[in-house]
Amino acid sequence: MKAFQYVTAQSVDSARDWLGPRASYLAGGNDLLARMKEYLADPDLLVNVKSIPGLADIEPGDGHWTLGAQVTIARIEQDPQIRKLFPALHEAAAEVGSLQIRNVATLGGNLAQHSRCWYYRHRDVVCLKKKGPTCFARLGENKFHSLFTGNPCISTVVSNLSIALAALGAVVLVQQGKQTVRWSIADLYAKAWDNPIAHHSLAHGDLILKVEIPVEPGRSAYGQISEKGAFDWALVSCAAAAVFDDGRVKQARIVLGAVAPVPYQVEAANDLLKGKKIDEPLAARAADRLLAGAEPLEHNGYKIPMARALIQRTLLKLMG
Amino acid sequence: MPTWPKETKYIGRHVQRVDGPAKVTGSARYTSDVQPEGWLYGMILRSRWPAAKISDISLEKARQVPGIKAAILVREGERTIRYYGEELAAVAGTSKQACLDALRLIEVTASPLPFVVKETEALKDSSPPVWEKSPNLSKPKVVEKGDLAKAFGECAAVVEGFFTTPVLIHHPLETHGNTVSWTDEGITAWASTQGIFSVRDGLAGNLNVEQSKVRVISEFMGGGFGAKFGPGIEGALAARLSKAAKAPVKLMLTRFDQSLAVGNRPSSFQKIKLGASADGKLLAYELDAYGTAGIGSGGSTEGGGGGAEFPAPYIYTIPNIRVSHRGVTVNAGSARAFRAPGHPPASFGMESILDELAVKLNLDPVEIRLKNDPSPVRQREYQLGAERFGWKQKYHRPGSSPGPVKTGVGCAGASWGGGGGGTQAEAQINPDGSLEIRCGTQDLGTGTKTLIAVIAADLLQLKPDQIQVRIGDTRFPPSGGSGGSTTAASVSPAVFDACTQALEALQNQTGVADARGDNWKAACKKLGINPLIVGGKWQPGLSSSGTGGVQFAEVEVDADTGFVRVKKITCVQDCGMVVSRLTCESQVNGGIIMGLGYALYEQRVMDSTTGVVLNPNFETYKLPGLADVPQIDIILLDMPERGVIGIGEPVTIPTAAAIANAVANALGVRIGSLPITPDKVLAALGKTQAAHA
Ligand SMILES: Cc1cc2nc3c(=O)[nH]c(=O)nc-3n(C[C@H](O)[C@H](O)[C@H](O)COP(=O)(O)OP(=O)(O)OC[C@H]3O[C@@H](n4cnc5c(N)ncnc54)[C@H](O)[C@@H]3O)c2cc1C
Ligand code: SF4
């Protein structure tokens, strides 16, 4: 990697002050350091954000829980209350990489990580996402790529946590300039839908501070299918959360992962569930709505039946 | 003829690895741990082009990088590069970062050439030739026997199938590499190798140094699997860098390098037709196969070729056959021997089509094998294994498993040669009773040191940990490369001979009638000041070759998501006399896990447009992890009367075929392409949605 300077920020303000045009925030480093080793990133300064007071706290609450951006994925996975209140988040966390990775990887870093497209990650390939001329995956090896996208890049969002948090209706607190903005997970990734170069909506210097998760009196679940039994990326993932009234859905969110550059949601699918009891036929219809308009490429058409199965299973899991 | 003792205390039993503690505490020094005084890092610059004419490489700027002590070209003058990752130049420096910086400053003037990296594209006439003078698709090599057309006409059932297997990358946990010191006195190389003498001879030959002036040491090494016999380009470069820099140079490949250029298992594309009589007797077989060994078959391939050919119709004898093999050259790193070269693809194709035939004839897969397998050993193994596995209870008609998660079972067989020879060893008995055994073999991680200790301990009635085993040094009596599953069968008889002769000499010299066990120390004391050194060599009668093995697999396949989980593998394997049971079983476990990787996870992915290997890391080159490893049940057919036979390779052969057959049994449709990934399962079930045009 290229030589760089290193500072540890003790406050949000100082982190932002240090962040010059060629600097990067450093959290657990799983993503950033690997990109630096491959010469995909060459920041001149790393601003360590792990020591900022308050950003590594898990704060329980009646209305919502707040997780600091520097909370590690292992802590999320191992917290017994999170497991009880937000099973989708627990399950999504437990599937991230290996325990060694979860021990250092942070919530903020997980949400802000870059694409894992194997062309993007290749040191000698300059694709569209790296400001090159073309997307090689589109006519090449696109087994792991998107079914839905609003731009020529077909890489997918890979953060497990984003999928669960979207279903849970979480709000992301982002420091932007002098102000703290409140974004939905959809907001956090909206830019990646339209813009082939974007991995998320964060502009240079935007700092994720916290994530608020509303405590809803419902249930949630997450599931993924990978090629291996553990320590493997999701081919497709699905999270769902619902609030019930007398066994009927009052409100629900279903989200698909690894099929689009964003956690993929379809309002019509959520609406379909309202006022109904979840059973197999209903889950199948919800899957139809979510998967409508999918555009499979040469090697990723399998994601459609796989997603269908996952949607059905995840929804049925909500029924306990 | 010498014979192994009938009563044993250690031979054939579970004995802890003598070097286990050193390995788990980290005190064992692998090649990558060696740090001779003043050593430098070495690194290689590789081609970024899959094919190119290189007209000039300038090392000037690289040499200016602080810490860089040497920079050299792989070859002078213009040259043609034929694959992404081919070696161009190398540097040595005081830090990794200095080397990395230097590599980025080497200026290469290249004119890119057209290339082709996929077999299916390379075999077209229109594809750019990898070698200017010969077409990518070789002429078929054909073997014919009997009257095929007539025989197919007489068959009660004929099945046809198309099977493909991917290129696998050699990924031992310790990458390829050497630490080399080249001074006026000669060359000392610490090598991660499975053949210290072949590395010595390779270095001596390449660099024009007398063999007597080259010493190769490999005390501990982290796996080779067929890819680590010679010094490799990286070994020769380390030596040249050392000479230029006047310091030892450690050049261990990175995982990225490892994915490109150290050899691989060739792919195969097999069109097979098989016919049998109504009672399942195989009558006719036709194979039209091609596969790629990259730019060529390359690399030293002791223990089997590195080409794309494979034995067919594998373990079966069929009266009427036509076998055609073609090689396809592509712009990618070349093949090298890869654990049981040729056999795993052979087993996969043949055992798959055989199961299809069994289904068509309404025969049980074990039955059709018993009817056709010419090996009495495997006949016994199928019976033993089926009983232990519960085949009768578990086997059902293909596709008849209810529910979304389907269960299935399958089986497959394998054969291997093995056998030993050409090894010497010496025993040094010291007056204080300590004993050293020296042999110029090497331990691939299979447990050679333990094997030697077990034999010496039994013959001399000592404890294994009383014996100092010294191997992995070309100053010791010679032995061959550890390939073809020959190490145990080569080393054991030589150690037997050295120990028996040393005992006899000790008894003669000291007058102690039986110097073994309790008498040992007293006898040794009578030696006086000088130790007793006695040499021995491989003797016939203590080892043999030719093994058979069968495996049974039980799987669960989720028909909605395509996910395959292997629940159990039962392995019945013959390896003659078991010397060290623990390390022997460990070979079986490792072989099966590697076979599991072949079945479900591993494949090199090349990109047609850019010509690169897309998965040069363990994130996307998927290896089985702990969560994927099934229950493994091992039955070793103990046949001490046959002497020692190797086991390293046969145990990895039938695993993938057995798993593939189990998946087909579960689903009622066959996935004829390895690895069996969820996308292929869903496609085979007709669930996958086709791409928009
Ligand atoms: C082998 C492997 C397997 C993996 N498998 C999975 C998986 O299955 N599922 C999954 O979800 N993830 C997986 N990961 C990804 C892993 O979870 C992420 O790399 C990790 O979460 C990143 O967190 P980090 O703290 O290490 O981030 P870093 O590497 O430190 O940072 C990542 C990026 O986020 C930016 N950043 C960090 N913190 C903030 C912040 N607070 N605000 C704004 N920007 C910030 C950094 O500047 C950088 O660009 C895997 C990673 C590896 C290496
Ligand atoms: S999918 Fe995106 S990241 Fe991948 S090659 Fe195409 S443009 Fe690059």
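In chain A, strand β4 is joined by two bridges to strand β5 (residues 64–68), and the two run antiparallel. Strands here are DSSP runs of E with at least two residues, helices are runs of H or I with at least four, and both are numbered from the N terminus; two strands count as paired if DSSP finds at least two bridges between them. I58(A) sits opposite L67(A) in β5(A). This is a predicted model, in which local features need pLDDT of at least 70 and side-chain atom pairs count only at pLDDT 80 or more, while totals for chains, interfaces and linings use all residues. Residues are numbered from 1 along each chain as its sequence is written, chains are lettered from A and ligands numbered from 1 in the order in which they are written, and side-chain values use heavy atoms, with hydrogens and water left out.

Zooming out, β4(A) belongs to an open sheet of five strands in chain A, ordered β4-β5-β8-β6-β7 with antiparallel pairing. Its edges are β4 (58–59) and β7 (179–184) of chain A, each of which pairs on one side only. Helix α9 (residues 185–194) of chain A packs on this sheet and touches β6 (171–176) and β7 of chain A, and its direction makes about 90° with that of β7(A). Contact means heavy atoms within 4.5 Å; axes are lines fitted to C-alpha atoms, for helices over the stretch in contact, with angles from 0 to 180 degrees between N-to-C directions.

Now for the meeting of the two chains. The contact takes 35 residues from chain A and 42 residues from chain B. Together the chains bury about 3200 Å², 59% of it on carbon and sulfur atoms; buried area is the accessible area (1.4 Å probe) that two parts lose on being put together, summed over both. L614(B), E619(B) and K622(B) supply 18% of the area that chain B buries against chain A, more than any other three residues.

K622(B) also turns up in a salt bridge, its side chain meeting that of D232(A) at 3.0 Å, N to O.

A cis peptide bond joins A312(B) and P313(B), with omega about 0°, and P313(B) lies in the loop between β16 (282–291) and β17 (320–327) of chain B. The bond from L674(B) to P675(B) is cis as well, with omega near -10°.

Methods:
Salt bridge = Lys/Arg side-chain N within 4 Å of Asp/Glu carboxyl O.
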